[in-house]
Amino acid sequence: MSEYLILQLPSANRVYADDAPRLMRAELAVFGEAVGGIADTDEVELAGLHYVRFTAPELTGDRLALLSNASSLYALFQRVDEDLLRPVPIRPLDRFDSDLLTIQKYAGKTNEQFTRLLLNVTCLAMAEPLAMLRRPLRVLDPLCGRGTTLNQAMMYGFDAAGVELADRDFEAYERFIKTWLRTKKFKHTAESGPLRWQRHRLGRRLDITYAPTKEEFKAGRTRTLSFRATDTLHTAKIFGRNAFDAIVTDAPYGVQHGSRQAGELQRSPRDLLSAAVPVWVTALKPGGAIGISFNDLTLPRGELLDLLTRAGLKPREGAHYEQFAHRVDNAIVRDLVVATKP
Ligand SMILES: C[S@@+](CC[C@H](N)C(=O)[O-])C[C@H]1O[C@@H](n2cnc3c(N)ncnc32)[C@H](O)[C@@H]1O
């Protein structure tokens, strides 16, 4: 067994204040369920810096590949001696520059590291937990705002789809992503227009096909990005049954956020999720997983777990799944739940 130390991104400490190490340890525990062998996590201080420590067999192969994606990992070290650390080269899935995730700034944005954490623990809850390392997954955020989850899914080389009611978010995302793809000179096609279903107009749609290089684009090794500006209750109609490997979303918190308009609060988070979860489950493949973050102050965790169970899902349980709650501000204690479709 070796001892490893993780230095967390300085921004993680800013965003989550004192909670970052606890969230990292809970995330490591979920990684450990998938690949085994990760144990004894705790926190240590060395030369004035704080690290998350764990023991594991020599980190290679899948274990290293998976851990490299930990949401707030900045640097990984193997402890050689009491005061000697050896840097371990990490190999995250990341395909693009991190500005894909950081350029957009707006009130109500879900922070990028937390979005990555939610995507990680959701993918790991799939019947095939290492699928994220093996193939491009198809990921949906059915309440996608201006696309933080879509961008993180792109980052991992996945196909991404999003649904969002607010037209202004659709427009802002369309502007951003087209500019980003053009600026980075990624070969792509983009189509947008009305979204129709059985001759009814449901909203608007944007479909992008892209590849990181011309050669990949020509060879058809492309990824897709779909955005639907409509009510999330239309998700199954629009995308069909069993369409997604993972559904990942940050639900409305039930509190007014900066520039957000009253429209989004027409339904309470409880009413929205009661109506939407069964629809989302239809769009999820058997063996797929769903991860939802929510405000514990407006929707208690137990109620959401019941709702997932009633929808035929199997919530992930275990002490570490109860370690993700963290305070965002006075009105929000954000937590997450993850469940699998049998
Ligand atoms: C917490 S925000 C998600 C923010 C997003 N993760 C981001 O970083 O941009 C929840 C989103 O759900 C959207 N929403 C609420 N009710 C909806 C509905 N019925 N259908 C589609 N979207 C809805 C809101 O407009 C809001 O953008």
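## Cysteines

A residue counts as buried when its relative accessible area is under 20%, and as exposed when that area is over 50%; values in between are called partly exposed. In this predicted model, Cys-144 has a relative accessible area of 5%, so Cys-144 is buried. Cys-123 is also buried, because its relative accessibility is 0%.

A search of the whole structure finds zero disulfides. A disulfide would need two cysteine sulfur atoms within 2.5 Å. For Cys-123, the nearest cysteine sulfur belongs to Cys-144 and is 17 Å away. For Cys-144, the nearest one is that of Cys-123.

## The five-stranded sheet

Five strands make up an open, antiparallel sheet, in the order β2-β3-β1-β4-β5. The edges are taken by β2 (39-46) and β5 (84-87). Each of these has a single partner strand, so one side of each has no neighbour in the sheet. From one strand to the next, the twist averages 35°.

Within the sheet, β1 (residues 2-8) pairs with β3 (residues 49-56) through six bridges, in the antiparallel sense. Leu-5 has Arg-53, in β3, as its bridge partner. Helix α2 (residues 20-35) lies across β1, β2, β3 and β4 (73-81). The helix runs at about 155° to β2.

## Salt bridges

The structure contains 24 salt bridges. In one of them, the side chains of Glu-112 and Lys-109 meet at 3.3 Å, N to O. Glu-112 is partly exposed, because its relative accessible area is 26%.

Which parts of the chain does the pair Arg-204 and Asp-167 link? Arg-204 is in strand β9 (residues 200-211) and Asp-167 is in helix α8 (residues 167-183), and the two are 37 residues apart. Their closest N and O atoms are 3.6 Å apart. Arg-204, at 24% relative accessibility, is partly exposed, and so is Asp-167, at 38%.

Another salt bridge joins Glu-303 and Arg-270, at 2.6 Å from N to O. Glu-303 belongs to helix α12 (residues 301-310) and Arg-270 to helix α11 (residues 269-283), so the pair ties together parts 33 residues apart in sequence. Glu-303 is partly exposed at 32% relative accessibility, and Arg-270 is partly exposed at 34%.

## A salt-bridge network

Some salt bridges share partners, and these join Glu-3, Asp-42, Arg-53, Arg-79 and Glu-82 into one network.

Definitions and conventions: Residues are numbered from 1 along each chain as its sequence is written. This is a predicted model: local features need pLDDT of at least 70, side-chain atom pairs count only at pLDDT 80 or more; totals for chains, interfaces and linings use all residues. Side-chain values use heavy atoms; hydrogens and water are left out. Buried means under 20% relative accessible area, exposed over 50%, partly exposed in between (1.4 Å probe, protein chains only). Two strands pair if DSSP finds at least two bridges between them. Helices (H or I, at least four residues) and strands (E, at least two) are DSSP runs, numbered from the N terminus. Axes are lines fitted to C-alpha atoms, for helices over the stretch in contact, and angles run from 0 to 180 degrees between N-to-C directions. Contact means heavy atoms within 4.5 Å. A salt bridge is a side-chain nitrogen of Lys or Arg within 4 Å of a carboxyl oxygen of Asp or Glu.
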